[in-house]
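Hello,

Here is the structure I promised to pass on to you. Have a look at it first, and then read on for what turned up.

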Amino acid sequence: MSLHGYGPHLLSGAWLTVELGLLSLLVAALIGMFSALAKLSSITLLRFAAQFYTTLIRGIPDLVLMLIIFYGGQIALNQASEALGWGYININPFIAGVLTLGFIYGAYMTETFRGAIMAVPRGQMEAAFSIGMSQKLAFRRILFPQMMRHALPGFGNNWLVMIKATSLVSIIGLEDVVRIGDMAGKSLHQPFDFFLAVALVFLALTTVSVILLRWAEAHYGLEA
Amino acid sequence: MKSSNKGTMLIVLLVLIALGGLAYVYFKPQMTEMAMTPAPAPTTAPATTPEPAATPSTTAAPTTEPATTAAAPTSSFPSGMPAPGQKLRIATEGAFPPFNEIGPDGQLKGFDVDIAMAICEEMQIECELVKQDWDGMIPGLLAKKYDAIVASMSITEERKQKIDFTDKYYQIPGRLAAKKDSGLTDTREGLAGKKIGVQRSTIHECYVKKYFPDSEIVLYGTQEEANLDLVAGRIDATLTDREALDSGLLKTPQGAGFDWLGGDRDDRECYGEGAGIAVRKEDSALRDNLSAAIALIRGNGKYNEVMKKYFDYDIYGSP
C-alpha cells in the first residue's frame, strides 16, 4: 500500500485527531462530572438544568448539533455583532470543535458518572461527613476513588465512541485524518488505499486507549 | 424519584418549544428575503451580450435594491470589491479532480483553483483559498466563513433559494459511451430496446428519460457502478458528463474496448446552467463583478490558457 507522498500530511491530520480527541475528552469529563453531581444534588434547579442538558443533547444527532452550534452559532453571532456595529467575529473551528464534542459527550459522561456515584454505598459519604470531612475533601478522598472503578468501563466506552466521532469536525472546516484521507483518496482516484490507512490510524489510537484503560482499571482496583 | 416522569415530560415539552423557536428564527429571515426579491431575472442579461468586456458599471445598475427596509442583511462588499487590506476568501472542496484536489503537501490545485486565481488577478484583488468539506459548503458561506465558492457547484433552482450565483464558468456536456464497433447510433431509434445506464437522480437521468424513451433505463447509485456494468456487458451504453467518462472509464485500462457514442449532449432543461461561483445573496455587487471578470478572462485568453492545462476540449459549453 502506497500513500504517494501524502503520508506526512495524513500524519498531521492524525495528530489533529489526537489533540481534538484528548481536549474534547477533558471538556467532556469536566462537564460530565459537574452535571452528574448536579443531577444528584438536592437543589431542584441544578437537577432540572442537568436533566434538560442530557435530554436535549442525547436526543439530537451529533452531526445536527455540530451544524447548529457551529454554523447556527456563527450566524447568530454575526447578526448580534452586526446589530451592535462590530465587525465579523470568527469562531475558531478548532476551539468550536473541542467545545462542541466536549459538550455532546459530556451528556453521555454525565450518565456514566451518575451511575458510578450511585454505585458507591451511601454510608461511605455519611461516614466521611460524620468524621468532619468537608464536601470537597469527602469527594476527593472517598467518593472519587470509589466511583472511578465503576465509571471506567463506561468512560472508556464513551472515549472510543468519541474518538471516532471526531471525524465529524471535517464538516466545520477542520482537516482531521478522515478528511485528509478522503481528499487524498479522491484526488488520486484511490479512495481504498487512503481509507485503509485512516482505519489503521484509528485502530492504533483505540488499541493504545484500551491498553491505557486496562492499566487505569488495575490502578483503581477493578482487576482484583 | 417519583417525580421523574413528570419532569421528563416537562423537559420534552420545553425542548420542543425551544426547537420550534429555533426553527422560527432560522426560517423567518429567508421567507421575508424571498418575498422581497421576487425575480432574480437580471442574471440572464449579461449572457446574451457576447462581449461585455468592460461593463461592470452597467451591470451594477439594475441591482438597485434599496429595499433595505430593516432586516435585510448588509453586504460585506458594499462596493462589490474587497476593501483595501481585505481579502476575498474563496472556498473549494479539494476532492473533485481535476477541478479541485490536493497535492501531497495538502496544497489545493486544479481547474477551479486556477480559474479562481485568474479571476482575482483580473480584478486585482487579494484572495485566500479555504478548504471546505462539501456538506458544510453552503452553511459556511452563509455563516461568512468565506465569501465565495469556486468548487464546480452547479447552478440549480434549489440552491438559488439560499445563495446567489455568477454566470457559469464552465458547463461540461454529457456524452454517451458504448463498446467500440457496437453498431449502435446515438438516436432514439438507434438505442430503442437497448439498456442505457445512468446515475440515479442526476441531470443525466433527466436527459435519457427525455430523449431515449424507447430504451430501457438502468439506474445506478454511482457512475462507477454503471461503468462496471458497461464493461461487464450488462448495459449497452452509459451517459454521464464527458470528463467523468473520459477519466473514469475511457482512459483507464478496463475502458480499452470502449469509445464515445455520438457527440456532446446539451439540453437547458435537464443540464441547467452549468457551474457558477456562489456568493451570499446580499453581495450582488460582488456577484456582478465576478461575472464580469469571468467574461474578461474568457475574452483575453487567460481562461483558455487554464483550460488547456487540464482538458483537451472546450468545457465552457455553448455561450
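Predicted model: local features only at pLDDT ≥ 70, side-chain atom pairs only at ≥ 80, totals over all residues.

Between β3 (residues 100-102) of chain B and β4(B), the antiparallel pairing runs over two bridges. If you want to find the spot, look for Glu101(B), whose bridge partner in β4(B) is Lys109(B).

Chain B also has a five-stranded open sheet, this one mixed, with the order β5-β1-β6-β13-β7. Its edge strands are β5 (127-131) and β7 (163-170) of chain B, and each of them pairs on one side only. On average, neighbouring strands here are turned by 30° against each other, direction ignored. Strand β1 (residues 88-92) of chain B pairs with β5(B) in the parallel sense, over five bridges, and Arg89(B) stands opposite Glu128(B) in β5(B).

Which helices go with this sheet? One is α4 (residues 111-123) of chain B, which packs on the sheet and touches β1, β5, β6 (148-154) and β7 of chain B. The direction of α4(B) makes about 135° with that of β6(B). Another is α11 (residues 284-300) of chain B, which lies across β6, β7 and β13 (275-280) of chain B and runs at about 0° to β7(B).

For chain B as a whole, the count is twelve helices and 13 strands. Of its 319 residues, 36% are buried. Taking contacts in chain B between residues at least 6 apart in sequence, 73% join residues at least 24 apart.

Finally, the interface: 26 residues of chain A are in contact with 26 residues of chain B. On the chain A side, α2 (44-59), α3 (62-83) and α7 (177-187) each supply at least two of the residues that touch chain B. That side of chain A is made up of eleven nonpolar, ten polar and five charged residues.

Happy to talk any of this through once you have had a look.

Best wishes

Key:
Residues numbered from 1 in each chain as written. Chains lettered and ligands numbered in written order. Pairing = 2+ DSSP bridges. Helix = DSSP H or I, 4+ residues; strand = E, 2+ residues; numbered from the N terminus. Buried ≥ 20, exposed ≤ 12 C-beta atoms within 10 Å, placed from the backbone. Contact = placed C-beta atoms within 7 Å. Nonpolar A, V, L, I, M, F, W, Y, C, P; charged D, E, K, R; others polar. Axes fitted to C-alpha atoms, helices over the stretch in contact; angles between N-to-C directions.
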